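Hi everyone, thanks for coming. Let me put the structure up, and then I'll walk you through a few local features.

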Amino acid sequence: MKMVKRAFVAGMALFGLASPAMAAWSDVNLRVGVTELSREIYGLHMLILWICVAIAVAVFGVMIYSIATFRKSKGAVPATFDHNTKAEVIWTVIPVLILVGMAIPAARTLVKIDDMRGSELTVKVTGYQWKWQYEYVDHGVSFFSTLARTSDEARQLDSGIRPESVENYLLEVDNPLVVPQGKKVRVLITANDVIHAWWVPDFGMKKDAIPGYINEMWFRADEPGIYRGQCAELCGRDHGFMPVVVEVKSQADFDAWLAAQQAARQAAAAPAAQTAAVVSPVDQVAAVRVAVAE
Amino acid sequence: MSATQTHGHAADHHDDHGPAKGITRWLTTTNHKDIGTMYLVFSLVMFLIGGAMALVIRAELFVPGMQLVDPGFFNTMTTVHALIMVFGAVMPATVGLANWMIPLQIGAPDMALPRMNNFSFWLLVAAFSLLILSLFMPGGGPASGWTLYPPLVLQTGDALPLAIFAIHLAGASSIMGAINIIVTIMNLRAPGMTLLKMPLFPWTWLITAYLLIAVMPVFAGAVTMLLTDHFFGTTFFAAAGGGDPVLYQHIFWFFGHPEVYIMILPAFGIVSEIIPTFSRKPLFGYDAMVYATASIAFLSFIVWAHHMFTVGMPLAGEMFFMLSTMLIAVPTGVKVFNWTATMWKGSLSFETPMLFALAFLFLFTIGGFSGLMMAIAPVDFQYHDTYFIVAHFHYVLVPGAVFAIMAAVYYWMPKWTGHMYDTKLANIHFWMSAIFVNVLFFPQHFLGLAGMPRRIPDYSTQFADWNMVSSIGAFGFGLSQLLFVYIIWKCAKGGQKVSAEVWDGARVHGLEWTVPSPAPYHTFDEAPVVK
Ligand SMILES: [Cu+2]
């Protein structure tokens, strides 16, 4: 009796929790995203989901009907048949046809994902324990991107800081990757220590960052905005704390941003050169950040 | 030595006598029933330990923020939880059932290699003692995920050699168990029991045993290469020395995918035994079931890289592994349809084993659907390494394999103990498990789709609601299993006496229902004849 009561209380608690969460579709389903690929992937996802739902309705329907109808307690007398060749052929062939129907659009999207031609900007992403490095390989700009300090303080064991009080908790970085809107960006992905994976759900793609490999992927973001993701391959103690943040700007804003980065780098390089013996590359990057802030 | 003495000696060993007294019985036994019981008890203990680790994980994830454990320890919990559940709970449970039931189902007096049987059990105990010991090593327990991917796994402290040696021992134990099962089935079937008259549980185990022999050595090789990379300066998996970290993943999943079927095929066998008994109808499409099992086993060798769609394979590779994986849906579908057709026009009753088998039927199928979704490579770029995959494999493993094992325990426990379990408590156990398992795992589909990566100890606040629901489900499910332990203990101690047949009309469904309940220490000293 006590257990029944406990189950009931838990059930009510669940119901209470579930209803607000139900409100937001994006909390329970894949995001449509902001790229051609992400939309195609979303379409495939929904197609397969509905096919599965349709099959489930049919199969579970028959199961539930059997359970409800053929009951010993209702005096059902068991039949004795143990095979039916026609039925068996049908339920082998129909799934094959459904699978072919799924495979064709899936293969088409896969080919598109693999097509790296015609990129307009190349960014190299390197995973480290536990941060990302972004290099604009044709423009001499590079920097590190780490978890924002506010999140980092709040995520310490028993920090006393409520995660809800931190804006974009665990999904904020100091220096986001910046890319232009509407341009095909080719991302080269590698890692320096262990395997990581670079993932922005709104771009529809993730790819592993593997030491010794340079993987490729591409995206073309249609909307300006800030897009957030995370490292998706277990990479050690702070795997949960190396977010990916990408800021998509209009081409003009992007050009201005890139120019400022290049200028800041040059400005930082001059004094740094005088004290090169004591300044590490990391300090240089820090100097660039300070310069940008100013 | 006189003739009488010789006779006396022989009588000691071959006449109907009980087990040895005290602890020696368990240490030295070569009796398939004793060894089966030990495997099952061991598996139950591991299930509770692995479950406690899962509760540490779900407690930390109850709300956002870090409240209970260090992120490194969190990773150890996810890693060791998986290793214990896979190699310590699910696999030994099915081996235990095989030990108990295969001789009874094929009319054999015992397993063919009884001493090796004892050895393979005690090796397993040694293996898991080492694994649990590794938790207390300097540098912490293994924390690289159960897949042990390099280079991360090579950052493990002193736990690494212990964990690897544990895997070697567990692997050796599995291989011996598999050989034993194959030899038993091939040589000790009762006269008249041709292979295609054999019940489905021995059939699925026969195929599983071949899978084990094929892939456990591959896994042992892979972890040995990790060991030499770490201690002897080889660079099999180190790019800096000309090695390849992705090579490890290919080797691992060449083992790892068949491993998935090693856990689920015996479950298919169990469900194929239980549904006909409680439908009072023969299994629909027996031959198709056998062939479907064999094709699933074959396909399991050519789909491994669907675990690795994001490593950057060439297009042709992704295409191949996508299509081969989708094919698995066909034989799996055949199985589900055949089970459904078995119930069609039957005369169903809903004893606890049947309830668990039916829950398996529904919930395993849900796991099958999410599996099909993830086979679609372009979409898997989104699903990969999120809670969607966590939901998927827990659906096939918990309400899949584990529910089938629980169904088997309720189905055959009266035969083992001679007593009916407490049916009221057992039904409560079923309903609590069935409800909480969905509260626990269904919301994880949502979390994964919404973008929550797996193996993270803390998460952004948008994921808070469903994580809390999932954690409540986890604690509910965990507590329900204490009831399971109590029911088993109570049934072993006593209860309503059962007949040889146990279940109304079961006699026609298998030889195990022709021997008395509880099954005597020695059965089928004279082989039964199967028509
Ligand atoms: Cu990482």
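In helix 10 of chain B, the buried residues are B:Gly317, B:Glu318, B:Met319, B:Phe321, B:Met322, B:Ser324, B:Thr325 and B:Met326; buried means under 20% relative accessible area, exposed over 50% and partly exposed in between, with a 1.4 Å probe and protein chains only. Before going on: this is a predicted model, where local features need pLDDT of at least 70, side-chain atom pairs count only at pLDDT 80 or more, and totals for chains, interfaces and linings use all residues. Residues are numbered from 1 along each chain as its sequence is written, chains are lettered from A and ligands numbered from 1 in the order in which they are written, and side-chain values use heavy atoms, leaving out hydrogens and water.

What do those buried residues of helix 10 pack against? Their partners are helix 3 (85-114) of chain A, along with helix 11 (329-343), helix 12 (352-375) and helix 13 (377-383) of chain B. Helices here are DSSP runs of H or I with at least four residues, strands are runs of E with at least two, and both are numbered from the N terminus.

Let's follow helix 3 into chain A. Its axis and that of helix 2 (residues 36-69) of chain A come within 10 Å and cross at roughly 170°; axes are lines fitted to C-alpha atoms, for helices over the stretch in contact, and angles run from 0 to 180 degrees between N-to-C directions. The two helices of chain A, helix 2 and helix 3, are therefore roughly antiparallel, the word for angles over 145 degrees.

Now for the backbone. Most residues other than glycine have a negative phi, and most peptide bonds are trans. Where are the cis bonds? One joins A:Gln129 and A:Trp130, with omega about 0°, and A:Trp130 sits in the loop between strand 1 (121-128) and strand 2 (131-136) of chain A. Another runs from B:Ser517 to B:Pro518, with omega near -5°; B:Pro518 is in the segment after helix 16 (464-493) of chain B.

Two non-glycine residues to look at for positive phi are A:Asp158, near 50°, and B:Leu148, at about 55°. Buried or exposed? A:Asp158 counts as exposed at 57% relative accessibility, whereas B:Leu148, at 4%, counts as buried.

Notes: Contact means heavy atoms within 4.5 Å. Angles under 35 degrees count as roughly parallel, over 145 as roughly antiparallel, 65 to 115 as roughly perpendicular and the rest as oblique.
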